[in-house]
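I opened a notebook page for this structure. Below is what I looked up, in order.

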Amino acid sequence: MNVAKNYIDDFLHLFFPHVCIGCGSDVLNNKDILCARCIDALPITGFISSANNPVEKIFIGRINVQHAGSAFYFTKDSVIQQAIIQLKYKGNQPAGIFLGKLLGHQLTQSERFDDADVIIPVPLNDKKFYKRGYNQAEVIAKGIASVWQRPVINNAVERILFTETQTHKNRIDRWETMEGMFTVTRPDAVAGKHILLVDDVITTGATLEACGQAILKIPDIKLSVATLAYTI
Ligand SMILES: [Zn+2]
């Protein structure tokens with residue numbers, strides 16, 4: 001199994017030369033995408049360990065969230081933006097694993113998320129999934145789970161792909177809330193659990209709100225939210 005894994009690592013290495021995404025330095029630990037200096041310079045929000053942070057405020061009056069937070073600030077032309085572009089548009093899954101681990105370390109260091117049971121990545125619609133070949137939120141979740149030990153459940157929630165007619169009919173409503181964009185397909189897998197819902201970036205929170213709404217319809221459930229980055 002390790003032989004196969006190393007082979008895959010070597011294969012990925014061909015496409016992603018082992019230099020720091022931030023500064024181009026080749027002084028990197030194995031599988032890291034950033035050098036120690038660029039990791040130290042990342043704009044940490046501190047939200048994961050603090051109550052009433054700006055991400056929690058986004059959800060007030062919208063959905064009932066136990067705790068929420070983002071690991072880093074997302075600013076234009078930042079290293080975080082570069083790394084997320086790599087993950088979303090350049091097929092660089094190791095970048096997502098790496099960033100997920102950094103978020104996972106923050107979760108481990110904060111006690112606030114201790115009673116979460118499982119990790120659920122926000123699902124992509126099938127169209128985007130097949131275009132990209134993977135869901136970036138799933139990759140981030142995998143990175144998180146490698147340091148913050150919780151199971152990742154990928155198939156309990158699905159994103160509904162509207163037909164053209166439905167899109168037209170519901171366009172105005174959906175611009176407002178995105179309500180009804182998600183459905184829980186395996187309620188048995190999540191009932192009674194405290195779920196950590198994970199995504200790459202939070203901006204308005206509309207996607208996370210819509211996904212959270214679907215999850216909160218299941219009885220006896222608690223919801224928390226964590227994202228890699230927060231758009232200022
Ligand atoms: Zn660097």
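The model is predicted; local features need pLDDT of at least 70, side-chain atom pairs count only at pLDDT 80 or more, and totals for chains, interfaces and linings use all residues. Residues are numbered from 1 along each chain as its sequence is written.

**The sheet**

I noted that helices (H or I, at least four residues) and strands (E, at least two) are DSSP runs, numbered from the N terminus. Strand 5 (residues 194–202) and strand 6 (residues 222–231) run parallel and are joined by eight bridges. Two strands pair if DSSP finds at least two bridges between them. I then traced an open sheet of four strands in the order 1-6-5-2, with parallel pairing. Strand 1 (68–74) and strand 2 (118–121) are the edge strands, each pairing on one side only. From one strand to the next, the twist averages 20 degrees.

**Helices over the sheet**

I looked up how angles are taken: axes are lines fitted to C-alpha atoms, for helices over the stretch in contact, and angles run from 0 to 180 degrees between N-to-C directions. Contact between two residues requires C-beta atoms, placed from the backbone, within 7 Å. Helix 5 lies across strand 1 and strand 6, at about 125 degrees to strand 6. Helix 7 lies across strand 2, strand 5 and strand 6, at about 120 degrees to strand 5.

**Helix 5 against helix 7**

How do the axes of helix 5 and helix 7 cross? The axes of helix 5 (residues 93–109) and helix 7 (residues 136–147) come within 6 Å and cross at roughly 45 degrees. The two helices are therefore oblique to each other (under 35 degrees is roughly parallel, over 145 roughly antiparallel, 65 to 115 roughly perpendicular, the rest oblique). Residues making the contact include Gly 96, Gly 100 and Leu 103 of helix 5 and Val 139, Ile 140 and Gly 143 of helix 7.

**His 67**

I found His 67 in the loop between helix 3 (54–59) and strand 1. Is His 67 buried or exposed? His 67 counts as buried because it has 26 C-beta neighbours inside 10 Å (20 or more other C-beta atoms within 10 Å is buried, 12 or fewer exposed, in between partly exposed; C-beta atoms are placed from the backbone). Leaving aside neighbours within four places in sequence, His 67 is in contact with Arg 112, Phe 113 and Ser 224. I also noted that the C-alpha atoms of His 67 and Phe 47, 20 residues apart along the chain, are separated by 9.9 Å.
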